Amino acid sequence: MRRSADDQFRDKEQELLAKIEEIRNRINALQTEEPGSEVLLTAEQQNAVQQFRGELINLRTELRDVQFALRNDVERLETWLQVLNIWLVPAIVAMVAVGLAIVRRRRAARFHAGQATG
């Protein structure tokens, strides 16, 4: 169950991580033209860097949301499993025990009724 929940969000997480890495590479490419030279960025390049950084912030926010949703889903599954283990399994065992007790009483009643007539 945990794997199923993990798979739902893992694809989206990987997609966001890939976009983040792509944007980091673009920013680095704009900022490092030639090693050792002090190249000032043009206004267009500075705008592009700012735009990339804004997009990077948005992607990181979305990634945190996806990771939060994943944790939430896993916690909900764990809670459901705890409920099953704590309440459902003992309830089934109790119903089986009650059923067996009823069957034994009926058999005992038939046995005693057969001895009284016999």
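Arg107 lies in helix H2, which spans residues 43-117, helices being DSSP runs of H or I with at least four residues, numbered from the N terminus. Arg107 counts as exposed because its relative accessibility is 59%, where exposed means over 50% relative accessible area, buried under 20% and partly exposed in between, with a 1.4 Å probe and protein chains only.

This is a predicted model, in which local features need pLDDT of at least 70 and side-chain atom pairs count only at pLDDT 80 or more, while totals for chains, interfaces and linings use all residues. Residues are numbered from 1 along each chain as its sequence is written, and side-chain values use heavy atoms, without hydrogens and water.

The whole structure contains 4 salt bridges, each defined as a side-chain nitrogen of Lys or Arg within 4 Å of a carboxyl oxygen of Asp or Glu. Among them are the following.

| Pair | N to O distance |
|---|---|
| Glu21 and Arg24 | 3.9 Å |
| Glu22 and Arg26 | 2.7 Å |
| Arg76 and Asp73 | 2.0 Å |

Glu21 and Arg24 are 3 residues apart in helix H1, about one turn of the helix, and Glu22 and Arg26, 4 residues apart in helix H1, are likewise separated by about one helical turn.

Leu41 sits in the loop between helix H1 (2-31) and H2, and its C-alpha is 7.3 Å from that of Gln31, 10 residues away in sequence. Leaving aside neighbours within four places in sequence, Leu41 is in contact with Leu30, Gln31, Gln46 and Val49, contact meaning heavy atoms within 4.5 Å.

Terms used. Helices (H or I, at least four residues) and strands (E, at least two) are DSSP runs, numbered from the N terminus.
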